[in-house]
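Below is a briefing on selected local features of one structure. It is grouped by topic.

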Amino acid sequence: MRVSRLMLVTLRDDPAEAEITSHKLLLRAGFMRRLAPGIFAYLPLLWRVLQKVSAIVREEMAAVDALETLLPQLQPADLWRRSGRWDGYTAGEGIMFHLIDRQERSLGLGPTHEEVVTELAADLLRSYRQLPVCLYQIQTKFRDEIRPRFGLMRGREFIMKDAYSFHADEACLRRTYAAMDGAYRRIFERCGLRAVAVEADSGAIGGSASQEFMVTAEAGEDLILTSPDGRYAANQERAVSLPAPAVPLPGGPCRTLATPDQTSIEELCDAHGFDPTQTVKVLLLLARFAAAPARGVLVCLRGDQLLNEVKLANAVTARCPDAGALLEIVPLLADHLDGPVPFGFLGPHLVDLPMRQADPRAAAAPLLRLADPSAAELEAFVCGANRVDEHLVGARWGELCPLPEVVDLRAAQPGERCLHDPSQRLEAARGIEVGHIFQLGRKYSEALEARFTNEAGEDEALWMGCYGIGVSRLAQAAVEQNHDADGIRWPVAIAPYTVIIVIASSQDPVQVALAEELYGRLLGVGIDVLLDDRPERAGVKFKDADLIGIPWRLVVGRGAGERTVELVDRSGGTGKRDLTADAALQELVERVGLRGASP
Ligand code: ATP
Ligand code: MG
């Protein structure tokens with residue numbers, strides 16, 4: 001391709017709309033333009049990158065026997081109602097774009113395709129003989145993200161590869177999951193990315209394995225915690241650790257302590273010399289559901305610990321199976337309740353409070369009481385007395401109130417000891433989630449009645465897995481990991497073009513002739529090559545070549561008469577060298593060309 005025909009518009013300055021480097025560079029280098037928040041036009045250079053990523057994905061999906069397909073993006077609401085996800089995806093913080101058609105039917109624009117693919121499976125898969133099956137597609141997804149940002153990292157319209165597998169039993173699901181894990185590692189490596197696999201939150205389904213692939217980068221939105229020995233890595237949403245040991249509270253019977261205005265753990269500890277690990281803090285929250293009245297939730301944590309909201313949401317969902325989707329969990333405030341609440345002085349023994357709601361059932365639902373092990377394991381502790389300006393010292397589970405149900409709710413922190421080896425301490429890193437693989441189990445197949453006849457002739461629900469890659473996010477993540485002060489440094493495998501030939505002076509017919517010859521010969525051996533034939537100064541062309549990040553640059557300049565050219569390796573491996581034109585071509589073919597081709 002000739003750069004003069006490329007519609008290349010590069011920007012000298014960083015656009016105001018971009019915050020992180022990769023976003024700035026993709027805009028400046030003419031790879032994309034924003035149409036509206038989270039909605040981008042992929043310009044021809046970016047489209048080539050996306051095609052190259054997709055080609056690698058296709059090869060690796062074929063290698064694990066996944067079949068490419070293309071499923072509808074317009075999805076009937078009824079289908080999502082049957083899986084129980086319509087309300088959660090459309091009400092509250094739900095991210096599904098939805099509309100009503102001219103027949104007054106509700107439709108959603110696909111944010112993901114479990115429902116559609118399970119419906120297909122219900123229709124097509126009847127016998128264990130047809131299993132396992134894995135379908136995938138590479139397609140635009142729509143998500144009305146609450147905070148679209150960082151360009152392609154969090155778009156509202158973006159490209160995803162999503163795959164879904166169906167199995168006759170769990171063992172077979174595990175095998176495909178392991179094969180996908182391998183395929184994902186190869187995909188990211190081939191794309192030139194440094195990615196780590198981390199344990200991920202698998203939502204409220206619980207128990208099922210789920211793993212994310214994180215491209216490590218400062219700009220990543222996810223916090224990941226890893227052990228130095230490499231044996232443990234998890235998203236913070238999911239991570240577990242050993243909290244620091246608690247300082248034991250001196251024995252003695254439970255007593256009341258006057259604590260005027262000491263409403264925070266910090267104030268309480270400062271005033272009386274307690275250690276925060278000797279206290280139990282009580283959080284009073286309100287969970288809102290799609291199909292049930294809101295319910296109060298009382299959480300006990302050790303005073304020095306922080307709540308992990310993802311773990312809490314999972315725990316609440318699992319304990320309210322008939323309430324429909326969990327829409328949100330918010331702090332419970334005095335206006336939600338009938339009667340005074342001693343906020344700042346709450347203890348685990350708080351009695352159920354009547355909720356101020358129109359629905360009479362709300363009043364009847366008792367508080368859902370949960371305690372993190374860090375609080376449950378305390379023998380004696382300090383906590384609120386449920387009376388203003390008073391705390392209890394030396395309270396004990398059983399005496400004060402029954403121990404609530406114990407469930408892991410605390411946020412693991414960097415520096416804490418690892419469960420697998422307490423001599424290892426968790427380290428933090430930031431990551432960009434580029435892929436997610438998930439053993440779904442039978443949640444969707446049961447809800448949508450996707451059933452088959454097993455080998456024993458019995459009817460049962462299909463086992464399912466799902467596997468996503470953010471193709472457009474991956475392309476930007478590659479830039480986040482591969483750039484320098486001059487611009488992008490695309491890994492060769494996904495670079496829009498592999499080589500750029502720059503004519504130093506387009507007025508010089510000798511230079512032009514040699515450049516055209518080299519251009520033709522590179523094209524002839526199937527190398528993706530750009531010819532910068534623009535009537536610009538050499539410096540401008542060099543700057544653009546660096547900015548758009550083409551891995552190899554061939555400069556045809558003053559040496560053209562002697563058939564010498566300069567070969568520049570953008571990734572820095574071999575730097576700049578003067579070579580004869582033939583030697584340069586030979587080297588390019590060896591390094592990036594098709595095997596066996598000769599220029
Ligand atoms: P996130 O936690 O970042 O919102 P997710 O867990 O909701 O992502 P999945 O449903 O697992 O995303 O989707 C599969 C992949 O699609 C993700 O691993 C990610 O790479 C990509 N992806 C998800 N949301 C977006 C988005 N808004 N823009 C671009 N890529 C996305
Ligand atoms: Mg995910």
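In which loop does Pro132 lie? Pro132 is in the loop between helix H5 (114-124) and strand S7 (133-142); helices (H or I, at least four residues) and strands (E, at least two) are DSSP runs, numbered from the N terminus. This is a predicted model, in which local features need pLDDT of at least 70 and side-chain atom pairs count only at pLDDT 80 or more, while totals for chains, interfaces and linings use all residues. Residues are numbered from 1 along each chain as its sequence is written, chains are lettered from A and ligands numbered from 1 in the order in which they are written, and side-chain values use heavy atoms, with hydrogens and water left out.

**Backbone**

- Most residues other than glycine have a negative phi, and most peptide bonds are trans.
- The Leu131 to Pro132 peptide bond is cis, with omega near -5 degrees.
- Asp261, not a glycine, has a positive phi of about 60 degrees and is found in the loop between strand S13 (255-258) and helix H7 (265-272).
- Asp261 is exposed at a relative accessible area of 60% (buried is under 20%, exposed over 50%, partly exposed in between; 1.4 Å probe, protein chains only).
- Asp389, also not a glycine, has a positive phi of about 65 degrees; Asp389 sits in the loop between strand S18 (381-384) and strand S19 (390-395) and is partly exposed, at 29%.

**Helix contact**

- The axes of H1 (residues 21-28) and H12 (residues 471-481) come within 8 Å and cross at roughly 105 degrees; axes are lines fitted to C-alpha atoms, for helices over the stretch in contact, with angles from 0 to 180 degrees between N-to-C directions.
- H1 and H12 are therefore roughly perpendicular (65 to 115 degrees).
- Thr21, Ser22, His23, Leu25 and Leu26 in H1 meet Gln476, Val479 and Glu480 in H12, where contact means heavy atoms within 4.5 Å.

**Metal site**

- Glu433 (OE) and His436 (ND1) coordinate the magnesium ion (ligand 2) at 2.3 Å; donors are N, O and S atoms within 2.8 Å of the metal (3.2 Å for Na, K and Ca), and water is not among the atoms, so sites may look incomplete.
- Glu433 is partly exposed at 21% relative accessibility, and His436 is partly exposed at 21%.

**Aromatic rings**

- The count comes to six aromatic pairs, with rings of Phe, Tyr and Trp (its six-membered ring) pairing if their centres lie within 6.5 Å; planes under 30 degrees apart count as stacked, over 60 as edge-to-face and the rest as tilted.
- Phe381 and Trp397 form a tilted pair, 4.9 Å centre to centre with 45 degrees between the planes.
- Phe381 lies in S18 and Trp397 in the loop between S19 and strand S20 (405-406), so the pair ties together parts 16 residues apart in sequence.
- Both Phe381 and Trp397 are buried.
- Tyr184, Phe188 and Phe213 form one aromatic cluster.

How values were computed
Parallel < 35°, antiparallel > 145°, perpendicular 65-115°, else oblique.
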